[in-house]
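This report describes selected side-chain features of one protein model. Please consult the sequence and the structure while reading.

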Amino acid sequence: MNKEFFIFTPGPVKMSREVLEESSKQLPYFRNQEFSNVLLDCEKRILDLVHAPQGSRAVFLTASGTGAMEAVTSNLIGQDEVSLVVNGGTFGQRFIEILNIQKKKSIEHKVEYGSNIDPSEIETIDGVSAIIVNGHETSTGTLYDLNLLGRISKEKGAVFIVDAISMFLADELDMAKMNIDCLILSSQKGLALAPGLSVIVLSPRAVQVVKQNRENVKSLYFRLSDYLVDGDRGQTPFTPALSVIYQLYVRLHSIDKNGGAEAEIKKTAQIASYFREQIKGLPLGLFSKNPSNAVTSLTVENGVSAHKLVQDLERLYKIQVCPNGGELKDKVFRVAHMGDIDVDYTWVLVDALKKYFERGSGI
Ligand SMILES: *Cc1c(COP(=O)(O)O)cnc(C)c1O
């Protein structure tokens with residue numbers, strides 16, 4: 001199978017050589033102090049990177065991000081509690097679905113695709129015990145105002161839950177400043193690792209809620225209080241995605257060496273603005289009114305189907321960008337700026353887009 005592509009999809013993203021090399025090694029036994037030290041080191045570094053308040057904890061879950069979303073609502077939201085969910089795309093909709101399955105009531109704050117939240121509407125909604133948002137709604141490339149939502153959550157006394165999977169290391173993220181109680185991260189987006197590992201960061205308040213809710217969680221695998229207990233000594237209740245954890249360890253050390261989260265965010269922002277600048281003049285429009293650095297979502301303005309363009313880029317230039325689904329299928333596609341890429345790598349896509357539109361569509 002040919003896996004040699006230039007890759008601009010929001011997960012998986014391009015992984016660094018050192019991360020790839022790490023996962024080619026034989027895995028040793030892990031119920032020992034050596035592995036515990038690795039996991040404890042990863043926890044400490046993650047907490048630092050997201051500016052978690054003193055006393056916060058990180059839980060390592062072997063699941064893709066959706067598993068972590070499900071675990072969070074299972075453990076942080078009581079059966080009779082009502083959550084407010086920001087829904088402006090596929091991932092907002094996913095939270096609604098999860099809560100429906102769990103038979104927990106949710107109030108949707110509907111956001112027009114690509115637009116920001118409307119705080120005046122959110123402020124009028126009372127009686128919610130949690131506010132839930134995908135900080136970057138990856139399906140539209142839109143970054144929401146987390147400072148604002150954090151302030152509103154605080155006023156309402158609600159637990160603030162942020163799925164930051166596709167904004168971590170791409171956009172500013174500060175748990176303390178943004179009043180975030182629970183953060184969901186996952187391996188295959190900004191972290192640029194293989195899929196399969198998610199990290200849930202809990203503020204001291206969220207840790208308390210998780211512990212209090214222990215008996216109400218109808219899941220063994222996702223009962224986070226058990227992860228907290230085992231996590232104290234650097235272990236997990238079940239076999240973790242060891243290879244991805246070793247990748248994480250390598251990646252976190254490399255982030256530290258290269259200037260921390262701020263340097264990562266700056267690099268991603270530079271690539272995003274380079275790309276957005278370079279495609280000016282092409283028949284492409286920015287879809288999101290408030291784009292994340294992680295993703296540029298684009299409309300195609302010359303009548304070519306966005307879906308066809310995605311297929312053509314792969315066929316003609318060995319470049320993978322990301323199609324949209326549903327009603328945006330023929331209108332929008334997305335380009336990610338995460339992972340081990342730089343401006344030169346991004347130029348390959350810019351050049352291909354220029355050639356593609358020069359030779360005319362419908363090829
Ligand atoms: C990718 C992503 C997820 C997780 O999706 P999985 O397919 O389960 O990995 C969740 N939320 C957001 C915002 C994402 O971008």
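## Cysteines, aromatic pairs and a buried valine

The number of disulfides is 0, where a disulfide is a pair of cysteine sulfur atoms within 2.5 Å. In general, a disulfide is a covalent bond between the sulfur atoms of two cysteines. The structure is a predicted model, in which local features need pLDDT of at least 70 and side-chain atom pairs count only at pLDDT 80 or more, while totals for chains, interfaces and linings use all residues. Residues are numbered from 1 along each chain as its sequence is written, and side-chain values use heavy atoms, with hydrogens and water left out.

Cysteine 42 is buried, with a relative accessibility of 0% (buried means under 20% relative accessible area, exposed over 50%, and partly exposed in between, with a 1.4 Å probe and protein chains only). Cysteine 322 is also buried, at 14%.

The model contains 9 aromatic pairs. Rings of Phe, Tyr and Trp (its six-membered ring) pair if their centres lie within 6.5 Å; planes under 30 degrees apart count as stacked, over 60 as edge-to-face and the rest as tilted. Two of these pairs are set out below.

| Pair | Distance between centres | Angle between planes | Type |
|---|---|---|---|
| Phenylalanine 35 and tyrosine 246 | 6.0 Å | 65 degrees | edge-to-face |
| Tyrosine 227 and phenylalanine 238 | 6.2 Å | 65 degrees | edge-to-face |

Phenylalanine 35 belongs to helix H2 (residues 33-49) and tyrosine 246 to helix H9 (residues 242-257), so this pair links distant parts of the chain, 211 residues apart. Helices (H or I, at least four residues) and strands (E, at least two) are DSSP runs, numbered from the N terminus. Phenylalanine 35 is buried at 1% relative accessibility, and tyrosine 246 is buried at 15%.

In the second pair, tyrosine 227 is in helix H8 (residues 224-231) and phenylalanine 238 is in the loop between H8 and H9, so parts 11 residues apart in sequence are tied together. Tyrosine 227 is buried at 5%, whereas phenylalanine 238 is partly exposed at 28%.

Valine 210, in helix H7 (residues 204-212), is buried at 0% relative accessibility. Contact means heavy atoms within 4.5 Å; leaving aside residues up to four places away in sequence, valine 210 touches Asn75, Leu76, Leu202, Leu224, Ser225 and Leu228.
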